[in-house]
Amino acid sequence: MTRPQLTPPAGVLVAIDIAKARNEVLIEVPGSGRRRRLSVLNTRAEHDRLIALLSDLGQPVTCGFEATGNYHRPIAWRLLQAGFAVRLISSVGLARTREALHNGWDKNDPKDAQVMLHMIRIGASQVYHDPLAAGINDVQELSKTHDAFEATGNYHRPIAWRLLQAGFAVRLISSVGLARTREALHNGWDKNDPKDAQVMLHMIRIGASQVYHDPLAAGINDVQELSKTHDAVSKAKTEVLHRILTHYLPLYFPEVDRFRHNSRSDWFFAFLDRFPTPACITALSKEVFIAAAWDVVGRKVAKAQLLGDIYETARSSIGLPVPPDAPAVSMFRLVIGEARGLIQQRDAIEATADALLTDSSDYKLLRRIPGIGPINALTILAEAGDLRRFGHHRQFLKFCGLDLATQQSGTFRGQTKLSKYGNARLRRTLWLAGQVAIRQRENGFRDKFERYIARDRHDADLRRKALTAITAKMARVVHAVIKTGADYRPFVEGPVPGGRTPLSRAVRA
């Protein structure tokens, strides 16, 4: 039996390093002393230029690439339609060959193209089978369209409620504290329910527990459920959005992504639902398309110019030529419908939360803090409960996991950093609120951030520390505003002249 020869003995070898916007191409022509390197954008004109260049060589052409998401599919389809041999290179094989040839882990696109050319030459590749050419694209899209759900543990809530109603004192034990205490007492990592009960009894006896605040008893159960549901819907919507951006758009309409500017708006998904592929647009004349899409995109500045630009983009699209009634496009529309449904659910939850908390004084106080909108205020109230139970802001910082921790043993002293042993959702919310606050015009958060990074505005590590300091400041302000019941006042940390301060110094201050 003869072994198949994947690489022609004499022919042009082409290695393509695939990327979302631009591909690095390395061409090796037999008999030529130098390789030709060029960059090819992911546009129809650039693909046509590459195919014309390879066709003019007048020799058999073998192209190889590493699969990168779905960004390789359009150019692979064009190369197959041009009659070139197309090879697929394993990602693991490429990485190991690169490390072996260059004796290092550093990676860049030109180096990857060189390694792929070497692998094509030695036959370390496989024949690329395009799903569209093989007639299995619809089946593949049906198989890939699925969802995943994550369950959360609330099994303690019913029995904790019954114990509280019976008048018993209920304590909450930290999962991390339980694990570390179990390992310390039993000198091992083995775990079972009776052993956990013994360790918890010991922790209750020594006072290593905290008071359990039941959301239903505290009157924040509805707020907490709204917050958690909003978070779950937002995460699901983000997951669907990423699936559309990394799977469906690279296949059917890669260029339309540049018209998406806001992930919260519905018009982009409504437009894709009406026109999922370039063929749906180019089947109409430009005037008819603008009239059909006029109400779909909603209110826009220079709407006619925007729709005209989309039409011209569709005419030069590199998307796969699938018919609009194909099952694969139906799966695309199904995912788009899921994204639109999640947006509607998110908007409904936000409206319900705003109506529920309109009369809450704590909610109104939080809304006056820069960077805190309806959802951030909802999350803070849901996760922190009554902030008045924290006697000092440091207790609240520890509850959020924003307290500092340092490991020290003997002469060794580790780097001081955030402990992060606290409420992760609350810490993330305060971080996001700080990010918004420093971008607003005039407030104490922006002033503190500017003073922190004044030494070197381009130092990424300094900016990260500044953002962490802003997050801690946001937590302190939230605690102070709720505990005192006073409105947020910006710039109170500035120097205030006392009774003995001369007038000239007061003016300079």
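How many aromatic pairs does the chain hold, when rings of Phe, Tyr and Trp (its six-membered ring) pair if their centres lie within 6.5 Å? The model is predicted, with local features needing pLDDT of at least 70 and side-chain atom pairs counting only at pLDDT 80 or more, while totals for chains, interfaces and linings use all residues. Residues are numbered from 1 along each chain as its sequence is written, and side-chain values use heavy atoms, with hydrogens and water left out.

**View 1. An aromatic pair between F65 and Y128.** The rings of F65 and Y128 lie 5.3 Å apart, centre to centre, with 70 degrees between their planes, an edge-to-face pair (planes under 30 degrees apart count as stacked, over 60 as edge-to-face and the rest as tilted). The pair links distant parts of the chain, since F65 belongs to strand β4 (residues 61-66) and Y128 to the loop between β6 (126-127) and α5 (131-134), 63 residues apart; helices (H or I, at least four residues) and strands (E, at least two) are DSSP runs, numbered from the N terminus. F65 has a relative accessibility of 0% and counts as buried, and Y128 is buried as well, with a relative accessible area of 8% (buried means under 20% relative accessible area, exposed over 50%, partly exposed in between, with a 1.4 Å probe and protein chains only).

View 2. The ring centres of F390 and F399 are 5.3 Å apart and the planes stand at 50 degrees, so the pair is tilted. F390 is buried at a relative accessible area of 7%, whereas F399 is partly exposed at 22%. The charged end of R389 sits over the ring of F399, 5.4 Å from its centre, where a charge sits over a ring if NZ of Lys or CZ of Arg is within 6 Å of the ring centre and within 35 degrees of the ring normal.

**View 3. K473 over F445.** In this view K473 lies over the face of F445, at 5.5 Å from the ring centre.

**View 4. The open sheet of six strands.** The sheet is open and consists of 6 strands in the order β3-β2-β1-β4-β5-β6, with mixed pairing; two strands pair if DSSP finds at least two bridges between them. Its edge strands are β3 (36-41) and β6, each of which pairs on one side only. Strand β1 (residues 12-17) pairs with β4 in the parallel sense over 5 bridges, and L13 stands opposite T62 in β4. With β2, in contrast, β1 pairs in the antiparallel sense over 5 bridges, V14 standing opposite I27 in β2, and these two strands form a hairpin with 4 residues between them. The pairing of β2 and β3 is antiparallel over 6 bridges, and in β3 the bridge partner of R22 is L41. Strand β2 is mostly covered, with 6 of its 7 residues buried.

View 5. Of the 9 residues of α2, 7 are buried, so the helix is largely enclosed by the rest of the structure; the buried residues include R73, W77 and R78. G83, whose phi is positive, near 90 degrees, follows α2. Helix α4 (residues 109-122) lies across β1, β2, β3, β4 and β5, running at about 140 degrees to β1.

View 6. The buried residues of α12 are W267, F268, F269, A270, F271 and L272, and what covers them includes α11 (221-252), α13 (278-282), α14 (286-293), α15 (303-315) and α16 (327-357). Ring pairs link F271, F275, F289 and Y311 into a cluster.

Notes
Contact = heavy atoms within 4.5 Å. Axes fitted to C-alpha atoms, helices over the stretch in contact; angles between N-to-C directions.
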